[in-house]
Amino acid sequence: MRSKIAPASRLKMTGFLFVLLGSVFYAAQAFPSADEAMLNYTLNVTLDINHSKITGVARIPVSKGQELKFSTGRLRILRASLDQKELTVPKQDETLRILPPYEGILEIEYEGLFQEPPSQFQFGEPSSIIAGQGVFLTGSWYPKPEQLCLFHLTVSLPEGYETVSEAETINKVTKDGKAVFTFSFPHPLGSLDLIASNRYKVVKEDFHGVEVYVYFFPEDSDLIPTYLEHTKKYLSLYNQLLLPFPYKRFSVVENFLPTGYSMPTFTLLGQEVVRLPFIPETSLGHEILHQWFGNLVYIDYKKGNWAEGLTTFLADHLYEEEKGRGVEYRKGMLISYQSYVNEKNEFPLGEFIDRTDEASEAIGYGKALMVFRMLKRMVGEKRFYEAIKYFIEQNRFRKASWEDIEEAFEKFYQKKLDWFFRQWIDGKGLPDLHLVGVKVKPSGAKFEVSFTVIQKGRVFMLDLPVSVYSHLSKATNVFHLQGEKEQLKIVVDDVPDRITADEDYDVARMLSIDEFPPVIARLIGDENRMIVLPPRGVEIFQDVIDRFKEKGVSLSEPEQIKYIEPGTSSLLILGADNPVVAKLYGSVVVRGGFGVLMKENPWNRWKVVGIFNARSKEEVGAAFQKIFHYGKYSAVSFDHGVNVYKEIDQSTRGITEELLKKAVAVEISTLKTLPDVVAHGAGKKIIYVGETHYLFPDHVMELDIIKDLHKRGRPFAIGMEMFQSPFQKVLDDYIGGKLDEADFLKGTEYFKRWGFDYQLYRPILLYARSENIPVIALNIPQEIVDKVFRSGLDSLSEEERKSVPSQMDFSDEAYKERLKKVFLEHRDFENFKTSSFDFFYQAQILWDEAMAESVDQFLKTHPHDQMVVLAGSGHLAYGSGIPKRTARRNGYDYAIILNNAALEKGIADFVLFPGDIPGVTSPMLMVFLREEAGKVEIAGFPQESASEKAGMKVGDTLLAIDHTPIHTIDDVKIDLLARKKGEKVRVRILRKGLLGSREVNFDVVLP
Ligand SMILES: [Zn+2]
């Protein structure tokens, strides 16, 4: 019957509460349970402000044998009598029991002291107080019976006081320095409350037969017009939507205590919050609606509190809908539900009594409003309001339950709704829907999209809207689901590109991972949390550590965190410079004196990582507690406790799957040629050129770009994926003319480490050497990447870890998805069978990050240079591999040029189509070789081998090709580089025989 805006301790602490709890208000006081005869209760009290004292007399006509129980709290009962004859009444445990021996007038005299300041409370109530700052009396400030009463209250106060209680009329008589107030409320009530102050400025207006009062303190009297206006607006809204306002009088009363209550005929708003804009705009409307739901129709708490959900639905949610933000509001509710509610704290909506924590709020307000939303969609708007009006009419001044709501709706819907209420009110949880097996096929001139909706866990009956989008149209069907698996289809007129289920959040359901952004609520709601301590300055974060310790958390040093954590806990990382941040995301920016940045855990998207950063202990002290009210945000920042930044990460709307790709088109008149491309790229610090390694035309393009750039005269270097950084000195010596080609190729172990025909790269390196353009080895040693591919980053030795960049960003989900496809395509390859996707992914990221670091290091030491980076297209497409990782390190601008890539948005700045350009491949001996102890032996032959035809055999050792002695496979490859196809060579081999080995010569015409 009363509802409360918010726990006062939170208000006291922050003055901010409403922002975050989003103006969710709740009814708190359990209603008398017994449905006994109503009492006619006359109460006269006198308040002695200076002594914090109340004295009073209660008079109640009683009948013989009618057992009465009064809750007396801390009151002192002075005397009890029946028709003036004193009764002996044992007082026990804050309860007074009376069994009248005969019919008569029961009179109870009492007194009480209410001097303590209100105690700190959370999700509770402030206690009563009589003091100079004001009077607030609630609960047992009079002998409070269990049953509903008709109250007749008279209060005597010093002159100058104004006072409010549940009343349709208040009469005031001033005499002898005293003000005597008489209240009348001609309806049954569960309890009385009293608020008084000698500082109220009172303004009254008549509004369609209702006397509207505003009681504000002088310092806030400028707000009176705003509150009057909004009060009239809400009264008129609900007069039309529901039934006329039930009382003759309504007051908005400012309270010196941080309360937000709604009692019959008045609402009490704490002084700390009345200036917040959303209090008159949203919270006041919510409280006024409680005049109908809770204060006119009472709540039968034994059967659950339906009033908060219904009030939130027709107040907070309705206002958001009117502003066009209904979808976001409902999605926010579902995000809260999924963040805070888990298997342990979940309960059926029918068991909701009161908000005691975030989880109960998510159920009693959030889930409940979604249930009313579904009910409204099912029965239709007109019948919805008819049923609600009927429900109010039938239950005026009565305790009502979900069953009464069900009955009202069945009457107007003309169908049984038992299934709906049992499912949503009696059952726990929300449906978990999945869209699988989505297929598109042509159907005549149209397209048919077929799919299956699976419900995991408990199966619900529900109406699911599903839309299929195409570039020309959108088709929406609402499917009535009732099974665990439903095969469905939608026919659309033209090529469908996207399917989305429940895009408007019409269904109370679990969100898919793409709809569920990493927000602070997920960190607060996760029961398994680990704090990663900062490498230094732990004292700055002591408040954070202490607070989360209370809530249960384990502590870890940064070194203890592996690359792949099992993903069973969410992480709270202290310090944006924490090495664990670098290990997961490369680097992040957390703004403000104190800030929190939420990210998905890249190894388990259902877990989150919160990065807490602070300039000082003072900044933490001023802001940290506030984050608990900023649960819906992914990033928040504060300066000296003032919020300066807040943002929610993007997430998908609805359960969505992409269907057929939209056709892309190129405007032919805008086609460019290579010089245009270089002209654009030349202005950038870094030009990335992507290749398919074995295609000659790609390398011709690369060299063309290099030559064009060189002619422009600015210094630049060529960065190459094909060489590994430990061999930089060899590269330098070759470019500097200190080494010949053969020694360069041997020195960089080119054939072993890269292996593609050197003719592909030879022109580029020859040109670089002749023009003295530095070539930078970008790659990390192959051995390390191989080891990570086989057994993960965590398997590297201390020594090997030195080659691993300290910054590694694993959070690019789109890149991860593309790499997953690559991994699955290669799954049948022998070496892939020994790996796992996580290891494969780590190896790829290691590779990219290492190359990005090499690019960055060169540019740091050569700040005036540009760089052309040559790498496989996979490392460059969409910027995901190297480009964005370099930019994260230095912020330089760049252009990406790919060869023969798919034309897709964002894939590159330019895609070149070089056409057929002939290349010169090296001739081959057509033998498989193996190298052992300085000997090169024939291990086998491919089909149609010229060497085999010439007479060579498996097991022969190669000694020389013409005059070139052969000791290594490199010797063979280097010798062949200089030869042409069709050339005849003499190969000298050593053949083992029964009588010892002998040398033999063979002439081979190189194919
Ligand atoms: Zn409420």
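Leu571 stands opposite Val609 in strand S36. The strands concerned are S34 and S36 (residues 604-614), which pair in the parallel sense over four bridges; two strands are said to pair if DSSP finds at least two bridges between them. Strands (E, at least two residues) and helices (H or I, at least four residues) are DSSP runs, numbered from the N terminus. The model is a predicted one, in which local features need pLDDT of at least 70 and side-chain atom pairs count only at pLDDT 80 or more, while totals for chains, interfaces and linings use all residues. Residues are numbered from 1 along each chain as its sequence is written, and side-chain values use heavy atoms, with hydrogens and water left out.

S34 and S36 belong to an open sheet of seven strands with mixed pairing, in the order S33-S32-S34-S36-S35-S37-S38. Its edges are strand S33 (554-556) and strand S38 (642-647); each has a single partner strand, so one side of each is left without a neighbour in the sheet. From one strand to the next, the twist averages 20°, where axes are lines fitted to C-alpha atoms, for helices over the stretch in contact, and angles run from 0 to 180 degrees between N-to-C directions.

The loop between strand S34 (570-574) and helix H13 (579-585) contains Asp577. Asp577 has a relative accessible area of 47% and is therefore partly exposed, the class between buried (under 20%) and exposed (over 50%), computed with a 1.4 Å probe on protein chains only. Leaving aside neighbours within four places in sequence, Asp577 is in contact (heavy atoms within 4.5 Å) with Pro535 and Arg536. With Arg536 there is a polar contact from side chain to side chain, at 3.0 Å; such a contact is a pair of N or O atoms within 3.5 Å, and within protein one must be able to donate a hydrogen and the other to accept it, residues adjacent in sequence counting only if both atoms are side-chain atoms.

Leu990 stands opposite Thr957 and opposite Glu999 in S51. S50 and S51 form a hairpin with six residues between them, and Gly996 in the turn has a positive phi of about 105°.
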